[in-house]
Amino acid sequence: MNRFFKTAVPLVLATVASGVAGKAAKAEDITLCWAAWDPANALVELSKDFTAETGVGMKFEFVPWPNFADRMLNELNSGGKLCDLMIGDSQWIGGGAENGHYVKLNEFFDKENISMDDFAPATVYAYSTWPKGEPNYYALPAMGDANGWFYRKDWFARPDLQAAFKEKYGRDLAPPKTQLELKDIAEFFQGREIDGQKRYGVAIFTERGSEGITMGATGALYAWGFKYENTPGKYDMEGAVNSPEAVEALEFYKELYKCCTPPGYTDSYMQESLDAFKSGQVAMAMNWFAFFPGLYKDEQVGGDKIGFFVNPGQKVEASTLGGQGISVIAYSDKKDLALQYIKWFAQPEVQKKWWSLGGYSCHVAVLNDPGFKDSQPFAADFLLAMDGVQDFWQEPAYAELLLSMQKRLHDYVVADQGTAKEALDKLIEDWTEVFQDEGKL
């Protein structure tokens with residue numbers, strides 16, 4: 001599957017050891033593999049407690065997001081022993097289970113009295129189970145995440161902009177409640193001069209090479225009620241994937257891209273969105289909640305200058321799911337130590353510290369705490385998002401399915417090829433072929 005994630009960016013691995021970097025792993029070291037981003041740094045800090053309590057050293061292999069799937073799916077498919085633990089994307093759970101990459105954890109959970117009822121149901125369903133919704137667990141929910149939004153709160157509060165917006169739209173300039181309101185605000189800021197600089201409306205995902213445009217466009221598709229199947233588990237896609245609502249949502253996403261993004265914004269994902277916002281180019285940007293703690297702390301655009309909002313609904317309230325579960329790799333020679341880490345990580349007190357350091361706990365002891373909503377300026381929106389998350393296919397053929405959606409969406413939205421209906425019709429054709437090859441149609 002890894003061949004579908006080739007990029008022009010050279011592979012860079014970041015290795016972090018809780019000890020002296022560069023020394024060979026000791027017999028009591030285990031290696032955890034994940035993406036290289038802010039939450040991974042928080043996990044390094046958190047894991048020092050595990051080493052202090054158990055004497056087991058932690059090594060980490062963190063791979064930049066553009067290369068993460070390519071590198072790690074190749075590692076799994078080759079039966080490699082680099083990783084004892086892996087925090088793999090939610091979409092990998094089907095392949096991890098069916099291809100024997102991940103250890104099934106049910107017996108271990110029963111032995112150690114680890115209950116999946118202690119974790120938010122949406123995260124258990126998305127990050128842990130295969131087949132979906134069945135009580136077969138191949139990961140512990142580790143990092144809750146969804147695609148959300150942040151905005152220049154200081155710009156929104158300016159009396160001159162408030163007055164101009166109200167005159168044009170008849171309502172206050174405030175975080176949008178619908179996708180159409182989002183577009184109004186983006187159009188209002190597009191090309192507007194603020195403090196002597198030309199600004200733009202919005203930073204959204206358009207990246208072609210990995211998963212970017214799919215993760216961005218589904219924020220609109222889900223808000224219009226998009227479904228992958230008419231009947232869950234039946235792969236009956238005609239009339240669901242290409243429904244009138246899906247066509248309308250995809251047309252909307254293209255309009256938002258065309259009207260209101262910075263110039264040359266044709267291949268953008270997480271980093272480009274962050275860059276556009278931090279540099280003061282845009283009034284609003286989409287990105288994963290995982291980045292919100294760092295944004296809030298940013299000296300240039302954080303603090304009082306930044307605000308956050310959940311993905312606006314349209315016909316329904318919904319958000320694109322991110323996040324991952326943590327799994328024990330079947331090829332590891334240290335599965336017993338890896339399981340010891342899972343047991344430690346599942347503890348409520350560890351989960352509370354995980355949240356305090358910048359990770360997104362999925363444990364109900366954290367999420368249901370009366371003080372959680374006020375613990376960070378984005379915490380309440382995170383809870384709202386996780387109540388309505390939807391995920392991409394979690395099938396073993398996930399990579400092929402994603403490749404098709406990336407192509408069809410980018411061809412239509414960015415490259416101006418065909419209509420939204422044609423793009424979605426072709427996507428059904430692509431996916432039908434994949435599922436036929438898999439013996440599921």
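Modeller: A salt bridge here is a side-chain nitrogen of Lys or Arg within 4 Å of a carboxyl oxygen of Asp or Glu. In this predicted model, Arg158, Asp160 and Asp195 are linked in a network of such bridges.

Biologist: How many salt bridges does the rule count?

Modeller: The count comes to 18 salt bridges. One of them joins the side chains of Lys343 and Glu112, at 3.0 Å from N to O. Lys343 lies in helix H13 and Glu112 in the loop between helices H4 and H5, so this pair ties together parts that are 231 residues apart in sequence.

Biologist: Where do Glu349 and Lys352 lie?

Modeller: Both lie in helix H14 (residues 348-357), 3 residues apart, about one turn of the helix.

Biologist: How many salt bridges does the rule find across the interface of domain 1 and domain 2?

Modeller: It finds 0 there. The count between the two domains is 5 residue pairs in polar contact. Domain 1 and domain 2 bury about 1900 Å² between them, with 65% of that on carbon and sulfur atoms.

Biologist: Which elements supply the domain 1 side that touches domain 2?

Modeller: Helices H1, H2 and H16 and strands E5 and E12 each supply at least two residues. H16 gives the most, with 4 residues. The residues of this side divide into 13 nonpolar, 5 polar and 4 charged.

Terms used
Residues are numbered from 1 along each chain as its sequence is written. This is a predicted model: local features need pLDDT of at least 70, side-chain atom pairs count only at pLDDT 80 or more; totals for chains, interfaces and linings use all residues. Side-chain values use heavy atoms; hydrogens and water are left out. Buried area is the accessible area (1.4 Å probe) that two parts lose on being put together, summed over both. A polar contact is a pair of N or O atoms within 3.5 Å; within protein, one must be able to donate a hydrogen and the other to accept it, and residues adjacent in sequence count only if both atoms are side-chain atoms. Ala, Val, Leu, Ile, Met, Phe, Trp, Tyr, Cys and Pro count as nonpolar, Asp, Glu, Lys and Arg as charged, and the others, Gly among them, as polar.
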